[in-house]
Amino acid sequence: MVLTEFIIYLLIGCSVIAGYYYLNLNPADKITGFFVYYLLFDFFASTVGMYARIIRNNEGLHFLKDTFLYNDYWFFNPVIVIGFALYAFYFRLNLKNNLLRQLLAIGIFSFVSFSVIDFLYSDIFFTSHSKSIFLLGSLLTITGIFFFYYELLKSNKILKASKNVTLYVSVAYLIHNLINLPIWIYTPKYFTAVNPDFIRLYYIVLSTSYLILYGTYIFAFIYCDKLEGNSKNLGDGKFVEK
């Protein structure tokens, strides 16, 4: 378990470094810049989230056992919602079609609103993660990815897709969700001491999916390091005007 978390943490950190390497060569690419800053946020959140493990492994801090600080649900539940919303917003930045952009904006607002209501009117915020939020967040982001594919296929950008960072991000994210979604759904029910086989499977799947996800990000930043005319993607390296 500790090894798995360390590997994921290391991969996130390496993806941030690779992202800054890419931005150093392509400073005008504001869309990828947004994504790199999201990865930095992810790394920061993962670092802060270690506090719960520090408390559990330090006897001097066990007086916090009966407080909400003893687990990290209260911290990572908002982080998960923010993560899904930022992923969807990232794909929205790559869109030119106003209708698709508006639909995705409505989807993001609706998802965040639902998540806040779910946290306020259920008892999961301090005790577990919400299946509904995982399902809706995944659906929202996948919708953004399909919108991106739709525009990509309709444009001549498809001819240069091999140097499209967003394309690699989208493929890795789809694979990551297909692998992890079943695990996320069943974890609250089966992730217990009486199911050691499920726990073992959980960490194997988790390690594999995150290796694919962040490994692809790192590859994309390095492989697409130099772009023709220092431009990029459907947004040509600039934020699309609203």
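Leaving aside neighbours within four places in sequence, which residues is S170 in contact with? They are F91, I145, F148 and Y149, where contact means heavy atoms within 4.5 Å. This is a predicted model, in which local features need pLDDT of at least 70 and side-chain atom pairs count only at pLDDT 80 or more, while totals for chains, interfaces and linings use all residues. Residues are numbered from 1 along each chain as its sequence is written, and side-chain values use heavy atoms, with hydrogens and water left out.

**The overall picture**

- The chain has eight helices and zero strands; these are DSSP runs numbered from the N terminus, with helices (H or I) of at least four residues and strands (E) of at least two.
- Read along the sequence, that gives the pattern α-α-α-α-α-α-α-α.
- Of the chain's 242 residues, 45% count as buried (buried is under 20% relative accessible area, exposed is over 50%, and partly exposed is in between, using a 1.4 Å probe and protein chains only).
- Take the contacts with a separation of 6 or more: residues 24 or more positions apart account for 75% of them.

- Two packed helices are described by the angle between their axes and the distance between the axes.
- Here the axes are lines fitted to C-alpha atoms, for helices over the stretch in contact, and angles run from 0 to 180 degrees between N-to-C directions.
- Helix α4 (residues 73-93) packs on helix α5 (residues 98-120) at about 175°, and their axes are 10 Å apart. That makes α4 roughly antiparallel to α5 (under 35 degrees counts as roughly parallel, over 145 as roughly antiparallel, 65 to 115 as roughly perpendicular, and the rest as oblique).
- On the α4 side, the residues that meet α5 include P78, F84 and R92, and their partners in α5 include R101, L104 and F119. By class, this contact has 13 nonpolar, two polar and two charged residues (Ala, Val, Leu, Ile, Met, Phe, Trp, Tyr, Cys and Pro are nonpolar, Asp, Glu, Lys and Arg are charged, and the others, Gly among them, are polar).
- Next up are α5 and α6, which pack at about 170° with their axes 10 Å apart, so α5 and α6 are roughly antiparallel to each other.
- Among the α5 residues that meet α6 are L100, G107 and D118, and among those on the α6 side are S132, G144 and E151. Sorted by class, the contact of α5 with α6 has twelve nonpolar, five polar and two charged residues.
- The axes of α4 and α6 come within 8 Å and cross at roughly 10°, so α4 and α6 are roughly parallel to each other.
- I80, V81, F84, Y87, A88 and F91 in α4 meet a set in α6 that includes I133, S138, I145 and F148.

- S170 sits in helix α7 (residues 165-190) and is buried, at a relative accessible area of 0%.
- Its side chain makes a polar contact with the side chain of Y149, at 2.8 Å (a polar contact is a pair of N or O atoms within 3.5 Å; within protein, one must be able to donate a hydrogen and the other to accept it, and residues adjacent in sequence count only if both atoms are side-chain atoms).

- F146 is in helix α6 (residues 131-154) and is partly exposed, with a relative accessible area of 49%. F146 and F91 are 55 residues apart in sequence, but 9.3 Å apart in space, C-alpha to C-alpha.
- F109, in helix α5, counts as exposed at 61% relative accessibility. F109 and A85 are 24 residues apart in sequence and 8.4 Å apart in space, C-alpha to C-alpha.
- I212 belongs to helix α8 (residues 196-223) and is partly exposed, at 31% relative accessible area. Not counting residues up to four places away in sequence, I212 touches A172, I175 and I179. I212 and L11 are 201 residues apart in sequence and 10.0 Å apart in space, C-alpha to C-alpha.

**Aromatic pairs**

- The structure holds 28 aromatic pairs (rings of Phe, Tyr and Trp, the last by its six-membered ring, pair if their centres lie within 6.5 Å; planes under 30 degrees apart are stacked, over 60 edge-to-face, and the rest tilted).
- The rings of F75 and F76 have centres 5.1 Å apart and planes at 80°, so this pair is edge-to-face.
- F75 counts as buried, at 17% relative accessibility.
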